[in-house]
Amino acid sequence: MRRVVSLFLPHWSTDRLRRKTGKPQPDGAAPTASPLVTAIPDHGRRIVAATSPEARALGIAPGMTITKARAFASDLEVVDADPAADLEGLRRLALWAGRRYSPLVAPDPPDGLWLDVTGCAALFSSERALLKDLHRRVAGFGLSLQIAVADTAGCAHAVARYVPAGRPVTIEPGAHRKAIALLPIAALRLPPADVEGLRKLGFERIEQLVGTPRGPLAKRFGRALYRRFDQAMGTLGEPIEPLFPEELPRARRGFIEPIATAEAFAQVIGDLARDIAGQLGRAGKGARRLDCYFHRVDGHCQAIRVGTAAPSRDPAHLAKLLSAKIETIEPGLGIEAMTLVAPLVEIQGARQGEGLESLAHRGPDLAALVDTLANRFGQRSLHRAGACPSAMPERSVARAPALRTASGPAWADDLPRPSRMLARPEPVEVIALLPDDAPRLFIWRRQRFRVTRGDGPERLQGEWWRDGGIEGETPLSVRDYYQVETEEGGRYWLFRLGDGVHAATGSMRWFIHGAFA
């Protein structure tokens with residue numbers, strides 16, 4: 001289901017000016033600066049175009065003359081409005097959001113952004129986490145903001161502007177009709193004259209339009225009224241045209257007849273990947289992220305995003321990553337155009353034989369394998385194990401990016417560790433002991449294991465500055481580890497926990513910590 005975020009910046013013009021002068025006011029901060037407004041000429045006079053939070057708190061509103069506004073605040077700061085700079089600032093903010101949150105981001109002039117986050121919540125573990133991160137970062141820029149997410153762009157836009165809240169507002173899937181029913185007619189983004197005309201007819205809330213015959217109102221107010229109404233209700237699509245930086249590598253294919261099959265999509269993706277690879281090769285760069293946009297005949301745009309663990313401009317590899325996500329695309333009545341963009345690139349030097357891969361044997365490509373797994377299961381699900389300085393085995397393993405070069409501490413070669421470690425050691429019942437104190441028979445998970453040989457012990461002392469990893473373990477406890485082999489050929493890593501004295505004292509407990517390959 002489609003999910004659209006509306007980012008509303010109620011004081012965008014004045015917040016941008018304060019950021020430019022180096023005196024931003026963070027969202028929620030106490031007003032400490034003098035009131036600020038921007039002004040535009042109007043029939044020989046100057047009127048207020050936008051206000052800062054301080055000016056709004058004093059009663060100054062857009063449309064008020066500057067002369068009247070100065071009567072509310074003697075220290076009022078007035079700056080000429082610059083709509084072109086405001087729009088350019090929104091474009092830069094949209095490009096930033098597009099690199100981090102969603103491939104479908106566009107300005108919503110004069111004071112907002114659209115973000116189509118369909119399928120993007122998994123990058124932040126949940127939709128709530130995505131909105132929280134967006135809110136925190138934008139507020140950190142010194143901008144006043146309100147965020148809403150809903151199934152339709154019209155609902156998200158209305159809620160962000162007409163439902164006051166200090167935190168992001170989430171309209172649950174399927175609840176957009178109920179969410180906007182009690183909002184004022186102005187929330188439908190209608191011209192002020194139409195809003196005033198509807199009020200004179202007695203229409204104050206959106207729900208009043210639901211059962212009203214459309215003909216008379218459409219004849220009087222035109223098609224815009226019910227176009228906005230249907231967009232908010234979800235019965236009419238409202239596409240978001242993504243914003244691309246001019247310098248990004250980009251390729252596009254338009255079709256005489258719409259296409260709708262996975263095979264056709266894969267073929268076009270291959271052509272686009274070759275075009276992008278050529279542009280990257282000429283620039284000496286490789287792609288770290290690719291966005292493929294599918295433009296439907298009904299105006300709706302869908303996108304898939306893939307990333308690479310290392311810079312790549314191999315067209316076959318890039319096409320394979322993108323084709324794996326074709327199943328997420330809903331073609332509807334057909335796709336009339338496709339666009340491939342590389343929003344994140346890095347320097348990649350040329351290599352010998354590049355472009356002749358089909359004529360020479362290539363060795364195993366670890367980066368290609370990592371990319372395939374990461375784009376299928378998620379970047380956070382893929383990692384490599386690295387050594388971490390700790391005396392206890394469960395704390396000696398740290399996660400690192402899959403392709404990061406091993407550095408820092410390393411495990412000792414003469415002290416092998418199991419290839420499979422349990423998250424927490426599990427208790428086992430030891431029936432008898434070999435002469436060297438290794439178990440002769442132990443029971444684990446209700447199954448008996450008879451030991452044929454054992455090697456050990458390897459004694460490990462607890463870390464005095466940390467609590468033990470096992471109930472009852474203290475910093476003074478010791479672990480004696482044994483490698484044992486069973487009759488079935490399995491090799492396990494067992495240890496006894498106690499105070500360091502011989503097991504005959506009866507104070508020992510046995511645990512299993514892992515298994516060798």
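A pocket is an open set of grid points with protein on both sides within 12 Å along at least five of seven lines. With that idea in hand, let's tour this predicted model. The second largest pocket holds about 840 Å³ of space, and the count of cavities of 30 Å³ or more comes to two.

**Empty spaces**

- Rolling a probe the size of a water molecule over the atoms shows where empty space is left.
- The second largest pocket has a lining of 35 residues. Nearest its centre lie Phe-8, Pro-10, Ala-49, Pro-110 and Asp-111.
- Several elements give two or more residues to this pocket's lining: the helices α1 (12-21), α2 (53-57), α4 (83-100), α6 (153-162) and α8 (192-200), together with the strand β3 (45-51).
- Sorted by class, the lining of the second largest pocket has 20 nonpolar, nine charged and six polar residues.
- Six of the residues lining the second largest cavity are nonpolar, two are charged and one is polar.

**Helices that meet**

- Two packed helices are described by the angle between their axes and the distance between the axes.
- Start with α1 and α4: their axes come within 10 Å and cross at roughly 80°. Angles of 65 to 115 degrees count as roughly perpendicular, so α1 is roughly perpendicular to α4.
- On the α1 side, Trp-12, Ser-13 and Arg-16 make the contact, and on the α4 side the partners are Ala-85, Asp-86, Gly-89, Leu-90 and Leu-93. This contact of α1 with α4 has four nonpolar, two polar and two charged residues.
- Next come α9 (214-221) and α10, whose axes come within 8 Å and cross at roughly 120°.
- Helix α9 brings Arg-214, Leu-217, Ala-218 and Phe-221 to the contact, while α10 brings Leu-225, Tyr-226, Phe-229 and Asp-230. By class, the contact of α9 with α10 has six nonpolar and two charged residues, with no polar ones.

**Backbone details**

- Most residues other than glycine have a negative phi, and most peptide bonds are trans. Here are some places to look at with that in mind.
- Between Pro-109 and Pro-110 the peptide bond is cis, with omega near 5°. Pro-110 sits in the loop between β5 (104-108) and β6 (112-116), and this residue is also one of those nearest the centre of the second largest pocket.
- Gly-456 and Pro-457 are joined by a cis peptide bond too, with omega about 5°. Pro-457 belongs to strand β17, which covers residues 447-461.
- Ser-125 is not a glycine, yet its phi is positive, at about 75°. You will find Ser-125 in the loop between β6 and α5 (127-140).
- Is Ser-125 buried or exposed? Its relative accessibility is 57%, so Ser-125 counts as exposed, the cut-off for exposed being over 50%.
- Arg-189 also has a positive phi, of about 60°, without being a glycine.

Technical notes. Residues numbered from 1 in each chain as written. Predicted model: local features only at pLDDT ≥ 70, side-chain atom pairs only at ≥ 80, totals over all residues. Heavy atoms only, no water. 1 Å grid on protein atoms, 1.4 Å probe; cavity = no way out; pocket = protein on both sides within 12 Å on 5 of 7 lines; lining within 4 Å. Points joined across faces, edges and corners; volume = space filled by probe spheres on them. Helix = DSSP H or I, 4+ residues; strand = E, 2+ residues; numbered from the N terminus. Nonpolar A, V, L, I, M, F, W, Y, C, P; charged D, E, K, R; others polar. Axes fitted to C-alpha atoms, helices over the stretch in contact; angles between N-to-C directions. Parallel < 35°, antiparallel > 145°, perpendicular 65-115°, else oblique. Contact = heavy atoms within 4.5 Å. Buried < 20%, exposed > 50% of the residue type's maximum accessible area, 1.4 Å probe, protein only.
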